[in-house]
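Biologist: Before we look together, could you take me through the terms slowly, setting each value beside its rule?

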Amino acid sequence: MTTKQYVDGVKYHHWQAFSGKLWQRNYWEHIIRTEQSLREIAAYITTNPAQWETDTLHT
């Protein structure tokens, strides 16, 4: 559904087209089952953007 909305936005609403891949490879979902897991995931989300420039998958 997200991809369809993006494609429609490009076609009909003059959104900027993205020439790369829309979805990151090797992505998987994770069910948060414990408070510790929640804290670790929250820390990852908070600190990850600062590491994008050195991430080999970030292009």
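Modeller: Let us begin with a rule: a salt bridge is a side-chain nitrogen of Lys or Arg within 4 Å of a carboxyl oxygen of Asp or Glu. This is a predicted model, in which local features need pLDDT of at least 70 and side-chain atom pairs count only at pLDDT 80 or more, while totals for chains, interfaces and linings use all residues. Residues are numbered from 1 along each chain as its sequence is written, and side-chain values use heavy atoms, with hydrogens and water left out.

Biologist: What makes the contact of Asp8 and Lys4 a salt bridge?

Modeller: The N to O distance between their side chains is 2.7 Å, and the limit is 4 Å, so the pair meets the rule. Both residues lie in helix H1, four residues apart, about one turn of the helix.

Biologist: Why is Lys4 called exposed, and why is Asp8 called partly exposed?

Modeller: Buried means under 20% relative accessible area, exposed over 50%, and partly exposed in between, with a 1.4 Å probe and protein chains only. Lys4 has 53%, so Lys4 counts as exposed, whereas Asp8, at 24%, counts as partly exposed.

Biologist: How do you know that Ser37 is buried?

Modeller: Ser37, which is found in helix H2, has a relative accessible area of 13%, and therefore counts as buried.

Biologist: Why is the pair of Tyr6 and Trp15 called tilted?

Modeller: Rings of Phe, Tyr and Trp (its six-membered ring) pair if their centres lie within 6.5 Å, and planes under 30 degrees apart count as stacked, over 60 as edge-to-face and the rest as tilted. Here the centres are 6.5 Å apart and the planes are at 45 degrees, so the pair is tilted.

Note on methods
Helix = DSSP H or I, 4+ residues; strand = E, 2+ residues; numbered from the N terminus.
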